[in-house]
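Open the model in your viewer and keep the selection tool at hand. The tour below goes from one selection to the next.

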Amino acid sequence: PPPTTTPMASLHLSVSLQVDMVRIVAINDLNGRAVPLGALALSSLSLTCSGSMRSLALSSDLTLVLQLYNPALAAWEPLLEPWRITPQATVQPLGTHPLCEVQLRAETPCDVNLSVSMFELLSRSTLTLLEDVLGKKAVLTESEPFSPYSLVNETGTVVYFRSASSADESAEPLHPGEERRFDFWTHIDRLTLCAEGGPPSHAIALLADGWCPLESVPVHRTGRRVLTMHAAHKARDASKAKAAPPPSLQSKCLICEVFLRDDRKVVRLRSTTMLRNATRMLLEVRLWHPHTDMESIHPLQPAERLPMPLRADSGAYRICLRPMDGDHEWSEPCTFPGDDSASARPATTELFCACGRGPSHF
C-alpha cells in the first residue's frame, strides 16, 4: 500500500538559536540629518524550534526594551522598561484543520513610562516616521544641507569659536547679532550616534579679544548655563615688573542657552546687560566704547534688545538715544553700571526704553 505520510511530513527538525542582543533603531535622515527616533532592543534572546511539519513546537525567552531618543538631553529614555517574557507556540499546518496556538508568559509586570515629556517624545517620533513613510516631507526643500548646531552671538562683542577637541584648528569669527551653523563632528558615524549609552558629548571653545579663552563649553544638551570669563592679563614692561604688582583680573559672566529648533541645537550667547526698546518707535542708540574712546550707533526695533558689550574693567556703560524717524536731537547721556558680579547665578540687567515727558526716560 502507498505510504500514508509524505517525506516532508515525516521530517523532524531541531533548531536552537541564542543571541546576546538585537537592536533596531529608527533614524530621521531627511536632508543629511542623523537624528535617532526610537530603538527596540531584544536581549538574552534564545529560540528553540523542534518537531515535524505535522506539528512544530516553538519556544523563546527574551528581554524586551523599547526606548525613545530625547534630543534635549542627548539620551535614550525607556518607554517600556526591561520586560522578561517567554513566548511559546504550537503550529500544525498539515492537518485537516490547521492550528496555530500562541502563549505569552511573563513572571514580571510590564512597566510603561507615561508622562508629559514621554507623550511629547512619542508623538514627535510617530509623526516623523509617518511623514517619512508617506513622503510628505519630500515637498519640503531646504536651502542648504542640515547642520545639527548653530551659534547666535548676543554679547555685543566679536566671538571666535572652534571645536574644543581641536586646539590647532583656526577659530571662526562671529560678529554681534550674527547666527552661523556649524558641525565640527562630521566624522562620527551613525553607529556611534545611535549607541545604547547615547551619542558622545560635544563641546566648543570660545575666544574673545581681551579675555581668556573658554576651552570647553558643552553644547549637546539643552539648558541655561552661566559662563565666567576672566580678563586676559596684558604684558607689562619688564623694567616695571618688580615695582608694580600685577593687576587683579576682572571676571564677567556670560549666559549660554542651548535650545532646540527644527532638530537643530541653537547655542545662544547673551550678555548679562541688555537694553530693550519698550516704545513703539524705531530708536537709534549711540554707545560709547571706553577702550577705544569711540562711539557706535545701533538701530533698535520696538520690543527688541541690544546687548551691551563685555568689558574687562568695572566701568559703566554710557548711551544716548533718539527716534530714528524725523529730525531729533540726541538725548542726554545715560550712564548705568554693568554686571560686576562673579557669582554663579548673576542677575540679568535689562533697561527699558519708554516714552516720557522729558527728553529721555528710563
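Select Asp61 in this predicted model: its relative accessible area is 23%, so Asp61 is partly exposed. Because Asp61 belongs to strand S3 (residues 55-70) and Arg84 to strand S4 (residues 75-92), the pair ties together parts that are 23 residues apart in sequence. Arg84 is partly exposed too, at 31%.

Next, select Arg33 and Asp263. Their side chains meet in a salt bridge (3.3 Å, N to O). Arg33 is in the loop between strand S1 (12-28) and S2, and Asp263 in the loop between S13 and S14, so this pair ties together parts that are 230 residues apart in sequence.

Leu37 lies in strand S2 (residues 35-52) and is buried, with a relative accessible area of 1%.

Now select Leu151, Phe182, Trp185, Ile204 and Leu206, the residues with the most contacts inside the largest nonpolar core, which has 26 residues. Strand S13 (251-261) is one of the elements that give two or more residues to this core, and the largest share, three residues, comes from S13. A second, separate core of twelve residues includes Leu275, Leu287, Cys334 and Phe336.

How values were computed: Residues numbered from 1 in each chain as written. Predicted model: local features only at pLDDT ≥ 70, side-chain atom pairs only at ≥ 80, totals over all residues. Heavy atoms only, no water. Helix = DSSP H or I, 4+ residues; strand = E, 2+ residues; numbered from the N terminus. Buried < 20%, exposed > 50% of the residue type's maximum accessible area, 1.4 Å probe, protein only. Core = buried A, V, L, I, M, F, W, Y, C linked by side-chain atoms within 4.5 Å. Salt bridge = Lys/Arg side-chain N within 4 Å of Asp/Glu carboxyl O.
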